[in-house]
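Please look over the sequence and the 3D model below. This report walks through a few of its local features.

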Amino acid sequence: MRVFVGLPLPDAASEALEALQSDLRAGRHVPPENLHLTLAFLGEVTLPDLEALHLELQQVSWSPFELRLSGLELFGGPHPRALVIEARGGKPLRHLRDKIRSAARGIGLDLPRTRFRPHVTLARFPRDMSTQDATSLGRFLAAHGDAALPAMSVAGFALYRSHLARDGARYEVLADYPATA
């Protein structure tokens, strides 16, 4: 099954991001129930590996920390594929990510080395974005590029299953892992 580990967002943050998305007239919006911050994408994982990972994730020791979502950015270079809001959690966020990746590697999962750019994806765009949509996106970024949400406390992460469909993915929480301190 296709899985990842991420930070769920509090309802207030999801609602604020949904309100922000309502002004965006381009792309496919990520539904509020799917808004999250990915800490480790694990891809296809067998059930025995998933069970072993769950046991390892239960052992991850970490303390709650503060997370800020602010500043919109486009991912994908000259042909943007996604609109995101950047996440700032400093060392505690990076340490949590490193511990989760270490737990996954500890059970034998092969994770690619990737640069960690913490963010929450708000919308996805087709490869061939129309001129009208590009113009609309430009206006949206000019008006909302400095969007910022109030700081939020991160007190848990989750293991998610991703169900792919033609109209986008649907995410299912398989397990929650609260902070240990």
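Threonine 121 is buried, with a relative accessible area of 14%. Buried means under 20% relative accessible area, exposed means over 50%, and partly exposed lies in between (1.4 Å probe, protein chains only). This is a predicted model: local features need pLDDT of at least 70, side-chain atom pairs count only at pLDDT 80 or more, and totals for chains, interfaces and linings use all residues. Residues are numbered from 1 along each chain as its sequence is written, and side-chain values use heavy atoms, with hydrogens and water left out.

Threonine 121 sits in strand S6 (residues 119–124). Strands (E, at least two residues) and helices (H or I, at least four) are DSSP runs, numbered from the N terminus. Leucine 74 belongs to strand S4. Leucine 74 is partly exposed, at 30% relative accessible area. The C-alpha atoms of leucine 74 and lysine 99 are 28 Å apart, and the two residues are 25 residues apart along the chain.

The table lists contacts, meaning heavy atoms within 4.5 Å. Neighbours up to four places away in sequence are left out.

| Residue | Relative accessible area | Contacts |
|---|---|---|
| Threonine 121 | 14% | Val30, Leu35, His36, Ala82, Leu83, Val84 |
| Leucine 74 | 30% | Pro80, Ala82, Leu83, Phe125, Leu137, Leu141 |

## Aromatic rings

A pair of aromatic rings is described by the distance of the centres and the angle of the planes. Rings of Phe, Tyr and Trp (its six-membered ring) pair if their centres lie within 6.5 Å; planes under 30 degrees apart count as stacked, over 60 as edge-to-face and the rest as tilted. By this rule there are five aromatic pairs. One of them joins tryptophan 62 and phenylalanine 157: it is tilted, with 5.8 Å centre to centre and 45° between the planes. Tryptophan 62 lies in the loop between helix H2 (47–58) and strand S4 (65–75), and phenylalanine 157 in strand S8 (residues 156–163), so the pair ties together parts that are 95 residues apart in sequence. Both tryptophan 62 and phenylalanine 157 are buried. Trp62, Phe65, Phe157 and Tyr177 form one aromatic cluster.

## Two helices

H2 and helix H3 (residues 90–106) pack at about 140°, with axes 9 Å apart. Axes are lines fitted to C-alpha atoms, for helices over the stretch in contact, and angles run from 0 to 180 degrees between N-to-C directions. Which residues make the contact of H2 with H3? Leu53, Glu56 and Leu57 come from H2, and Ile100, Ala103 and Ala104 from H3.
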